[in-house]
Amino acid sequence: MSNTHYYFIPSVRRGLAAAIKKGARGGARRAQIDVLLRVTARRKGAQGEDSDNIAQALQLYGPGDILGFHDRIVARHHPEHDVGDFEPNYFPSIEFADVDFAWRFTADKARDQTGQLTPWVTLVVLVSEPQGDIQAEFATGPEVDKNLPPNILVSRPALPELKQAWRWAHVHITEGSGKKNELESVLRDQPEDAVCRLLCARRLAPKTRYAAFVVPTFKLGVLAGLGYDLDPDVSALDPAWLGDSSDERLPYYLADGDRLTLPYYYRWEFSTGLRGDFEHLVRLLERRSLSGLGVRDIDCQHPGFGVRGVNPAGPGAPESHYLGMEGALQSLDTQYTEWGRDSARGHAREPEPLQVDLSELVNNPEAQRIVVHFTPEILDASFVIVEPDGNTSVKFTWHTSRPCKGICQN
């Protein structure tokens, strides 16, 4: 049995980004950290040293400084490119080799208790070819500059809600306990056991062609990717789009109608299948009403093992020696066999011989002799439990009317 464990962490920061104390606010384009540099000077030919501390504020690269990333940072994506039968109830995803990549250029600090941090990139999945009543949700945008990333014109209602983008990015770690010290050792010594993943939480339609894009999460990333000058009124944490068309601060990349022009850093395409996944099989299940489930009739006239059986009640009840044996799985309307003490309904009544013998057989496992009687025409057998010197053994004897050769008694 495998002892592999999987752990999911909401975000990871490494390097100088881990020192961010507060996010970029009030129109700031980048996150800022304060560093203290101690400088020591020694004069030639003089004794002693002069030292001083120099405080300096450093700005880290933010979303407005990035125009793309190399494909080698992508470890894998699901589904693969040009797959034609992806399950429509699964979420497409993309994984990056560096565990901190999704939050590397986010100009904010993760929440202390939850680790919540919005990634600087978002995975969106859009319909690329119309299918029946489903219309294409994007079109290829004009080429602005060969040094800029490509762009698309996107139908705004097809885009996800960026306020929830932090929920669909995480770090997946194999093995380890997820504790801080072990996490650091995994990232240092076994980086292949940790991946950064983005998911697109969209319900896909069957038999439809889709294209997946990694796009900027923040507005500064969109402006930089389209070649616009960065607006000083735009903060590094302003989302690239809102949930509706009420944002009046989108003249830079608001295309005709209700479409946005968005740059993208990575793209692949796939098609969904029609059936065959687990959900499809579950939906094929039909509800049925079961009756009488959980009881099986057992012939108790000749139980054997020295146990007295149930005699038929007479010509009027030819099957009275059949008793219902109850199972673990029963329907709601299961009717139990009322027999012996069970049919007394609270009144004192002597147990039937079968009940007495079964009680002795169950409650007295140390019984020394049990005689088994089968149908006389077929077999007459008995066995004896012997315990010499504390060791239990069984002597079994049987007789048969059928001719036999060799040993007929053992």
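These entries go from the cores to the sheet and then to the loop residue.

Entry 1, cores. I am working from a predicted model. I looked up the largest nonpolar core, and it has 55 residues. Those with the most contacts inside it are Phe69, Ile94, Phe96, Trp120, Leu123, Leu198 and Phe270. I then listed the elements that each supply at least two residues of this core; among them are strand S5 (93-96), strand S10 (194-199), helix H1 (180-189) and helix H2 (219-226). Strand S6 (121-127) is on that list as well, and the largest share, four residues, comes from S6. Apart from this core I found another, of 19 residues, including Phe138, Ile152, Val154 and Trp241.

Entry 2, sheet. I traced an open sheet of five strands, in the order S1-S9-S10-S5-S4, with antiparallel pairing. At the edges I noted strand S1 (6-9) and strand S4 (74-78), each of which pairs on one side only. From one strand to the next the twist averages 25°. I checked S4 against S5 and found four bridges joining them. His77 has Ile94 in S5 as its bridge partner; Ile94 is also among the core residues with the most contacts.

I located Ala136 in the loop between S6 and strand S7 (138-140). Is Ala136 partly exposed or buried? Its relative accessibility is 36%, so I put it down as partly exposed. Leaving aside neighbours within four places in sequence, I have Ala136 in contact with Val127, Ser128 and Pro130. Ser155 is 19 residues from Ala136 in sequence, and their C-alpha atoms are 8.7 Å apart.

Notes: Residues are numbered from 1 along each chain as its sequence is written. This is a predicted model: local features need pLDDT of at least 70, side-chain atom pairs count only at pLDDT 80 or more; totals for chains, interfaces and linings use all residues. Side-chain values use heavy atoms; hydrogens and water are left out. A nonpolar core is a set of buried Ala, Val, Leu, Ile, Met, Phe, Trp, Tyr and Cys residues joined through side-chain atoms within 4.5 Å. Buried means under 20% relative accessible area, exposed over 50%, partly exposed in between (1.4 Å probe, protein chains only). Two strands pair if DSSP finds at least two bridges between them. Axes are lines fitted to C-alpha atoms, for helices over the stretch in contact, and angles run from 0 to 180 degrees between N-to-C directions. Contact means heavy atoms within 4.5 Å.
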